[in-house]
Amino acid sequence: MLEGKSSEYNSKSPDDAIKLLPELSDRGVEYYGAWLKYLLTAEQELEASGERTTTDPNEIDIYYNAQTTALNELEQKFLHGEDLGIHATLRDSEGNVRDLYTGAFDLKSSQPDIPTLTADWEQKIKAVPIAMGSDGTYLAAGEQLIASVGLSPTYDFKSVYDHCSGSTRLADETTLGAFCSATPNLIYINQDSRNWTYDVTGSYYPNAAKHELAHAMIYRICGTTAPALRVDHEALTNSYATLYFGAERDVLNLGAQNAPWYTMTDASDAAAQLVHDGHCSISAD
């Protein structure tokens, strides 16, 4: 019973696993991980204990029935996003041990209706007029795009590192914006970037804002900004922004000249369509 349950959950595809998350967030992933770790640890402990022997023919049945009942009750708590009542930890790549979230979720408020959410964002983002402001920049247009879907811009760019690690492919001086899954309602804008004045006074700026909003949407759909779809996640994000948020393909591809992993292709377009339809992985065959 325990071995079968552990195998069942540990062998799920990424798409199937995402469907079981109580919410699309790091906390939801931790909760799922805690459940998997419980199953694996319990299975190992059962194997280590060896066979149980007794002179009472009913004792074995009573024992295993109790174990099965406890496992089933905990599984139902997991499936309903309830407090698991267990303690689970994770050792990260640097050797630090941290607690995993095992508490309850408000499923009614945490589970988005993806088709409704995508349609709502698309309508609101495309409705924002893209025009240069009286200050000669597109700063206000960028803020309107971000605010249109209930997110907020922050110009304290370096604070992103309080929540998410930085990319090794682009230095801060060449990074205009960023999205961090730990703060999913913020878009980070870097006014200290090397080309800030040029970018904010040109049409690249609102297109870059749409790119960051695409990161935010992909995260809401897949629970990650980098779904396993065999394309670079930045190209995927550019394609999503172009196909669904009205970003200008030529402008975003031109901005990718010094960062080719942002360049859109037929494959990145196809991947964006998969994400939009709720598919966050493809088979390894």
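# Briefing: a predicted model with helices and an open sheet

Arg 230 is found in the loop between α9 and α10, where helices (H or I, at least four residues) and strands (E, at least two) are DSSP runs numbered from the N terminus. This is a predicted model, in which local features need pLDDT of at least 70 and side-chain atom pairs count only at pLDDT 80 or more, while totals for chains, interfaces and linings use all residues. Residues are numbered from 1 along each chain as its sequence is written, and side-chain values use heavy atoms, with hydrogens and water left out.

**Arg 230**

- The phi angle of Arg 230 is near 65 degrees, which is a positive value in a residue other than glycine.
- Arg 230 counts as exposed, at 56% relative accessibility; buried means under 20% relative accessible area, exposed over 50% and partly exposed in between, with a 1.4 Å probe and protein chains only.

**The sheet**

- An open sheet is formed by 3 strands in the order β3-β5-β4, with mixed pairing; two strands pair if DSSP finds at least two bridges between them.
- The edge strands are β3 and β4, each of which pairs on one side only.
- From one strand to the next, the twist averages 30 degrees.
- β3 and β5 run parallel and are joined by 3 bridges.
- Within this part of the sheet, Pro 153 stands opposite Ile 187 in β5.
- Helix α9 (residues 204-222) packs on the sheet and touches β4 and β5, and its direction makes about 10 degrees with that of β4. Axes are lines fitted to C-alpha atoms, for helices over the stretch in contact, and angles run from 0 to 180 degrees between N-to-C directions.

**Helix α9 with α10**

- α9 and helix α10 (residues 233-245) have axes 8 Å apart and pack at an angle of about 100 degrees.
- That angle makes α9 roughly perpendicular to α10; angles under 35 degrees count as roughly parallel, over 145 as roughly antiparallel, 65 to 115 as roughly perpendicular and the rest as oblique.
- On the α9 side the contact (heavy atoms within 4.5 Å) includes Lys 210, His 211, Leu 213 and Ile 221, and among the residues they meet in α10 are His 233, Leu 236, Tyr 240 and Phe 245.
- By class, this contact of α9 with α10 has 9 nonpolar, 5 polar and 2 charged residues. Ala, Val, Leu, Ile, Met, Phe, Trp, Tyr, Cys and Pro count as nonpolar, Asp, Glu, Lys and Arg as charged, and the others, Gly among them, as polar.

**Helix α9 with α6**

- The axes of α6 and α9 cross at roughly 170 degrees and come within 11 Å.
- α6 and α9 are therefore roughly antiparallel to each other.
- From α6 the contact is made by Ile 114, Leu 117, Thr 118, Trp 121 and Ile 125, and from α9 by Lys 210, Leu 213, Ala 216, Met 217, Arg 220 and Ile 221.
- The residues of the contact of α6 with α9 divide into 8 nonpolar, 1 polar and 2 charged.

**Salt bridges**

- There are 6 salt bridges in the structure, each being a side-chain nitrogen of Lys or Arg within 4 Å of a carboxyl oxygen of Asp or Glu.
- One of them joins Asp 120 to Lys 124, with the closest N and O atoms 3.2 Å apart.
- Asp 120 and Lys 124 are 4 residues apart in helix α6 (residues 114-126), so about one helical turn separates them.
- Asp 120 is partly exposed at a relative accessible area of 28%, and Lys 124 is partly exposed at 33%.
- Lys 158 and Asp 172 meet in a salt bridge through their side chains, at 3.0 Å from N to O.
- Both Lys 158 and Asp 172 lie in the loop between β3 (152-154) and β4 (177-179), so the pair ties together parts that are 14 residues apart in sequence.
- Lys 158 counts as exposed at 56% relative accessibility, whereas Asp 172 is partly exposed, with a relative accessible area of 22%.
- A salt bridge also links Arg 194 and Glu 173, where the closest N and O atoms are 3.3 Å apart.
- Arg 194 lies in the loop between β5 (186-189) and α8 (196-200) and Glu 173 in the loop between β3 and β4, so this pair ties together parts that are 21 residues apart in sequence.
- Arg 194 counts as exposed at 55% relative accessibility, while Glu 173 is partly exposed, with a relative accessible area of 43%.

**Leu 36**

- Leu 36 lies in helix α3 (residues 26-49) and is buried, with a relative accessible area of 18%.
- Not counting residues up to four places away in sequence, Leu 36 touches Tyr 9 and Asn 10.
- Leu 36 and Tyr 9 are 27 residues apart along the chain, and their C-alpha atoms are separated by 7.0 Å.
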